[in-house]
Amino acid sequence: DKEAKEIWKVCVSVSLKDFDRIYNMLRIKIDHALGESFYEDKAELIINEVKEKGLTEESQNALVVPIPGNKIPLMLLKSDGATTYATRDLATIKYRIDKWNPDLIIWEVGADQKFYFKQIFEVAKMLGYDKKSRFIHVAHGLIRWPHGKFSTRKGDTIHLESILKELVERARKIVDESKAIENESKENKEKIADQIAIGAIKYNDLSRHYAKDIIFDWDSVLSLNGNSGPYIQYTAVRCKSITGEMDSSYDISKMNITDCNEEEMMILRTIRRFPEIIQQAANNFSPNLICNFVFDLAQKYNTFYEKHPILKAKTEEKKEFRLAITLATRQILENSLELLGISIPQKM
């Protein structure tokens, strides 16, 4: 139906423009957006390859691939000859391997698709697609209301843009009340408010394990206190205000730290775990581990800051040591937030 297809193309074009507008607000850049329709003409290659390898059989006029140890086969062609999601997903894998030769391919799709992706990965292995590439399904939970699932069909959902706008408004109030920012230009104030809002929404999502459902609650999403993006940003800004333009040339290992107080020692022990935490987060596809770590570090640093003078420490040696701790904390917070896609305001 040519007319229907033309209408569909217009709908896709309009949708993508609006998606890109929201992604720009979130400072997200997508290098390649290849929709399902991109693989429509590549499905036939999969069908031919599966047939050539003798992996298919007919079942009620449909073409399926039996999977050893699994009672339910994977359907590639329906009884009317139409392709399925599976055909196009296998075409996606083949295209990605031929195009980019990746070590790792990750599908970030809901947990209710676990069985389906298990089937897809098994058939991909039967086709020899796993010689180099590793296939991972990051099975995420849902964002839902306290009374049940979101329903786009019923209009019972919440738009991300609405959340962002509300967050920016709340962040503006914080900026307007801050004495540290009162002399900044209107343009800078807007930029800071935007950074706080974007940091809050990203941190809110990334601080939770991907497999867990998120009960949508305005106050929780819009919280700018406690375990939140703005709290981590504020701690990084505090460290920067103390260290100024100092570089990271301090070597704590060469300093005399035998007289460390409890708060200093807790920070040092936490800092030491940073490489380990990053490795764990990568291995488990869990950015929430980074969030847990930076929140813990920020809390410990702020406790230290409240209890002990830094620039007015009793000795020059102690001052240098505390500056080094502050510098290290600042660097780790900056590195962590950068990994989470969160920027840090100059002032806050």
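Modeller: The account below begins with conventions and then turns to the sheet. The model is predicted, so local features need pLDDT of at least 70 and side-chain atom pairs count only at pLDDT 80 or more, whereas totals for chains, interfaces and linings use all residues. Residues are numbered from 1 along each chain as its sequence is written, and side-chain values use heavy atoms, with hydrogens and water left out.

The open sheet consists of 3 strands in the order 1-2-3, with antiparallel pairing. Strands (E, at least two residues) and helices (H or I, at least four) are DSSP runs, numbered from the N terminus; two strands pair if DSSP finds at least two bridges between them. Strand 1 (57-59) and strand 3 (70-77) form the edges, each pairing on one side only. On average, neighbouring strands of this sheet are turned by 50° against each other, direction ignored. Axes are lines fitted to C-alpha atoms, for helices over the stretch in contact, and angles run from 0 to 180 degrees between N-to-C directions.

Between strand 1 and strand 2 (residues 62-67), the antiparallel pairing extends over 3 bridges.

Helix 4 (residues 114-126) lies across strand 2 and strand 3, running at about 75° to strand 3; contact means heavy atoms within 4.5 Å.

Thr-92 is buried, with a relative accessible area of 6%; buried means under 20%, exposed over 50% and partly exposed in between, using a 1.4 Å probe and protein chains only. The C-alpha atoms of Thr-92 and Tyr-39 are separated by 6.6 Å, although the two are 53 residues apart along the chain.
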